[in-house]
Amino acid sequence: MHTRLQELWIGRRAVISGANEGLAQWTRTLLEALGAQAEILEAPEGSNGLSAPSQADAWGGWAGEVAPAWSIGALREALKRCRAEVWICADPPPAHTPAELREALALLSDSLTAARDAGCRCALLMLGDGAYRNLDTPWSCHETDPLGGQDAAGCAESCLRLLAEGFRQGFWGEALPTVVAHHGALCCGGMASNLPPNLSLGNPAQTWLTMLARGRTLFMEHPDQLQPFQHALEPVAGALLAAGRALTLPLHCGDTWNFGASAQNWCSPRTACRTLAETLRVQPLIEEARTQPSGQEPQDPTAAPLSRAKAQRRTPQPPLHPPRLESEKARQQLGWRTVYDAEDTLRMLAAWQADAQARGERAASAAQAEAFLRECMRPRD
């Protein structure tokens, strides 16, 4: 996978924009490690991108009128200045209301048009929460299903995917293959650690790491419920493989791919916390939350640890089955695979945090990208 990635991307030029700042940073880091040039388009002040948590209202929705996650004018200028071959969207802005969905659709449509007009050879859209097999609902969504989940966020992303598909079909043969790459919850340093980890772009492991370092007790619902711990570099590498394929096939107008966690990426929060505690050389303090105020929904299994006061007010809830992102097509057609298991990913998170404090986040991320590419070269069974 390493050799193919380097062949596809060495010397390429890309502009990255998006609402997920952490994912954009990891994408740039991997591109630079592959010998490509990449520039991140900064979000305007007051953006509703996920890098601006002050705009959120109790994480239940986005408050007030906010600016787009990126400026179309600035995107056009960056694409022209960099002579970009690829425009990469690292998660579109969140859409929890009809108005926000209209804004997101308009922004994505205008951006695709700007990329085509600027002479880009490919557009790569990285979206969270793709086609899932959910064991808790009768709606089992697969890779072949064009629609997403049943909640508001899932429906919004379904609309974005359909817009990308319409653009792809409408501009067939007009020099802009459009690739859609889905990722799930990601566990790595710098991935929106200031956001609630039950969003698709984050993971509670970074919160656990901080609390363990401070000697805090972790209160969790279902501490033995399995959940994924996947490093961001794995789905980013898959997305770049898919985009590189579109770049090298003149008549190929892109496709939709999933790059989710494999079986070895899953473990329980209790096991994850023990792994993190071992790296810190501390004793993990974990208690199970057992009570919940009546009339409230059960906490998501990927949610952050509870405080002691909240934990004492909760009632037992049945465990949930986290949805699994099906990625067989990417494995068979692209040769993509996951590189790290859950334990490796968690140890890399702890190592990244220590390295970032010593040398800075960009240096820490670059070191992990180089290690990731070396690991990709190792033969696998």
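**Helix packing and aromatic contacts in a predicted model**

Helix H2 and helix H7 (residues 233-248) pack with their axes 10 Å apart, at an angle of about 65°. The crossing of these two helices is right-handed. On the H2 side, the contact is formed by Leu 23, Trp 26, Thr 27, Leu 30 and Leu 31; H7 contributes Leu 233, Val 236, Ala 237 and Leu 240.

The mean pLDDT of the protein chain is 76, with 69% of the residues at 70 or more.

As for the overall picture, the protein chain holds 12 helices and 12 strands. Of its 381 residues, 54% count as buried. Among contacts with a separation of 6 or more, 77% are between residues 24 or more positions apart.

Returning to H2, which spans residues 21-33, one further residue is worth a visit: Thr 29 has its place in this helix. Is Thr 29 buried or exposed? Its relative accessibility is 9%, and because the cut-off for buried is under 20%, Thr 29 counts as buried. Leaving aside residues up to four places away in sequence, Thr 29 touches Ser 365, Ala 366 and Ala 369.

A search of the whole structure finds four aromatic pairs. One of them joins Tyr 340 and Phe 372, whose ring centres are 6.1 Å apart. The planes of these rings lie at 55°, so the pair is tilted; the edge-to-face class would need an angle over 60 degrees. Tyr 340 lies in the loop between helix H10 (328-334) and helix H11 (342-359), while Phe 372 belongs to helix H12 (residues 361-376), so the pair ties together parts that are 32 residues apart in sequence. Both Tyr 340 and Phe 372 are buried.

A ring also takes part in a contact of another kind. The charged end of Lys 329 sits over the ring of Trp 257, at 4.7 Å from the ring centre.

How values were computed: Residues are numbered from 1 along each chain as its sequence is written. This is a predicted model: local features need pLDDT of at least 70, side-chain atom pairs count only at pLDDT 80 or more; totals for chains, interfaces and linings use all residues. Side-chain values use heavy atoms; hydrogens and water are left out. pLDDT is the predictor's confidence in each residue, from 0 to 100. Rings of Phe, Tyr and Trp (its six-membered ring) pair if their centres lie within 6.5 Å; planes under 30 degrees apart count as stacked, over 60 as edge-to-face and the rest as tilted. Helices (H or I, at least four residues) and strands (E, at least two) are DSSP runs, numbered from the N terminus. Buried means under 20% relative accessible area, exposed over 50%, partly exposed in between (1.4 Å probe, protein chains only). A charge sits over a ring if NZ of Lys or CZ of Arg is within 6 Å of the ring centre and within 35 degrees of the ring normal. Contact means heavy atoms within 4.5 Å. Axes are lines fitted to C-alpha atoms, for helices over the stretch in contact, and angles run from 0 to 180 degrees between N-to-C directions. A crossing is left-handed if the near helix is turned anticlockwise from the far one by less than a right angle, and right-handed if clockwise.
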